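Hello,

I am handing over the structure below. Please look through it first, then read the notes that follow.

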Amino acid sequence: MIEATGLSKRYGATLAVDKLSFSVPPGQVTGFLGPNGAGKSTTMRLILGLDAPASGAVTVNGRPYTSYQRPLFEAGALLEAKTFHGGRSAYNHLLCLALSNGISRGRVGKVLDLVGLGAAARAGGFSLGMSQRLGIAAALLGDPPVLMLDEPVNGLDPEGVIWIRTLLKALAAEGRTVFLSSHLMSEMSLTADRLIIIGRGRLIAQTTMADFLDTGSGSFVRVRSPQAGPLAAMLTTRGATVTRQDAGTLSITGAASEDIGEIARLNGFTLAELSVHQATLEDRYLELTRDAADYQAAEGTLAPAGK
Ligand SMILES: Nc1ncnc2c1ncn2[C@@H]1O[C@H](COP(=O)(O)OP(=O)(O)OP(=O)(O)O)[C@@H](O)[C@H]1O
Ligand SMILES: [Mg+2]
C-alpha cells in the first residue's frame, strides 16, 4: 500500500508535484499516467525518499520508506534503467545489492532466472531491454509486497512486453501492490486494474480502469438499418442522441444497445448491424489530459529546411 497526502515538490520555478493525494492499494496493478513533465517520476522519487517533499507526506506500508532498515523487503523499484555500474556483470550488480541488504546469494540466481537473464548475467554489455530486465530483477530481490516501476516497458521486445504484463498481473494477484507508469496506452489498458492520472503535478483522476472507460464521451452504439430515419426519430424522442453517419447508419449515445434492439424488434425495424463501440484508454486519456499537456506538437506539415 502506498499513500500520499498533500504531496508537493518544487524545483525552482517549477511546481513539479502539486498537493497530490492518492492511494495505491494491494492486490491490483495501478497505472500512473500523465503527459511528459507531469510529475510521475518526481512522485516516485518522493515515495522512495530520494527527494524530500516541500509539503505533504507519503508512506509505504504505513511508514516513510526511508524509515525501514531493510527497505528492499518493503518495496522494490525500477526508476531508470542503466543505473547500474557499467563495468560490472548483472550477477555482481545484484550480488552487491543483495549482500548490502542481507539477502542471500541464492536469491540472486532466482531473480535472474525469473527475468530471463540467467545465462547472460555473468557478462557485461547490456542492451536497453536487458537493462530493464536487470532493473526488474533488482526490484524483486527482497521479494517485497510493493513494486514500483517507472516506464518498465520501454525498450522491451514484444516477447518482453508480454512477459512483463504477465509478471505484473501475477505479482498483483499474489496480493502485492504494483504501481507502474507508462505512455503506452494499449499496453496499460491490458495490464492495469486502476489508474491514477496527473497533469502539471495535480491529480486529474483516480479510478478503476472499467469506470474510466465507461464515463466520458467516445463510447457509442452503431446501428445500420434500412429504416434508419424512423428509428432515429423514435430513439430521439426517447432521449437518445443520434447522429446520422450516412443514409442507413446511425451512431447513438444515451441509449443501451439492449434497449435499441428491443425498440427495433417491437416496431418491426430490420437491423443489419447493432454494435457497441467503446472508447479506448487512449481516447479517454487524451480527452482528459488535453489541457494538461506541457508539450504538444504543432499541427500541420514541416516546412522544408531553409525556407
Ligand atoms: N532534478 C530536477 N531539477 C529540476 N527540475 C526537475 C527535476 N526533475 C524534474 N524536474 C521538472 O519537474 C517536472 C516533472 O518532471 P518529471 O520527470 O517528474 O515528469 P514525468 O511525468 O516523469 O515526465 P515523463 O513522462 O517525461 O517522464 C518537469 O517540469 C521537470 O522539468
Ligand atoms: Mg518520467
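This is a predicted model: local features need pLDDT of at least 70, side-chain atom pairs count only at pLDDT 80 or more; totals for chains, interfaces and linings use all residues.

Residues are numbered from 1 along each chain as its sequence is written, and chains are lettered from A and ligands numbered from 1 in the order in which they are written.

The ligand

Helices (H or I, at least four residues) and strands (E, at least two) are DSSP runs, numbered from the N terminus.

The protein as a whole

There are 10 helices and 13 strands in the protein. Of its 307 residues, 34% are buried, that is, 20 or more other C-beta atoms lie within 10 Å of their own, with C-beta atoms placed from the backbone. Two residues are in contact if their C-beta atoms, placed from the backbone, lie within 7 Å. Among contacts between residues at least 6 apart in sequence, 67% join residues at least 24 apart.

The six-stranded sheet

Six strands make an open sheet in the order β5-β6-β7-β3-β8-β9, with mixed pairing; two strands pair if DSSP finds at least two bridges between them. From one strand to the next, the twist averages 15 degrees. Strands β6 (residues 146-150) and β7 (residues 177-181) run parallel and are joined by five bridges, and M148 has F179 in β7 as its bridge partner. Helix α1 packs on this sheet, touching β3 (29-33), β5, β6, β7 and β8 (194-199), and its direction makes about 150 degrees with that of β6. Axes are lines fitted to C-alpha atoms, for helices over the stretch in contact, and angles run from 0 to 180 degrees between N-to-C directions. Helix α5 (residues 158-173) also packs on the sheet, where it touches β3, β6 and β7.

The four-stranded sheet

Another open sheet has four strands, ordered β11-β12-β10-β13, with antiparallel pairing. Here β11 (241-246) and β13 (273-277) are the edge strands. Five bridges connect β10 (residues 220-224) to β13, and R224 stands opposite E273 in β13. Helix α9 (residues 257-266) packs on the sheet and touches β10, β12 and β13. Helix α8 (residues 228-237) lies across β10, β11 and β12 (249-253), at about 10 degrees to β12.

The cores

A nonpolar core is a set of buried Ala, Val, Leu, Ile, Met, Phe, Trp, Tyr and Cys residues joined through C-beta atoms within 7 Å. The largest has 62 residues, and L94, L112, A137 and M148 have the most contacts inside it. Helix α4 (residues 128-140) gives the most to this core, seven residues. Beyond its neighbours within four places in sequence, A137 is in contact with L94, V111, L112, L114, V115 and L117. A second, separate core has 10 residues, including V221, L231, V242 and L250.

Regards

Key
A residue is buried if 20 or more other C-beta atoms lie within 10 Å of its own, exposed if 12 or fewer, and partly exposed in between; C-beta atoms are placed from the backbone.
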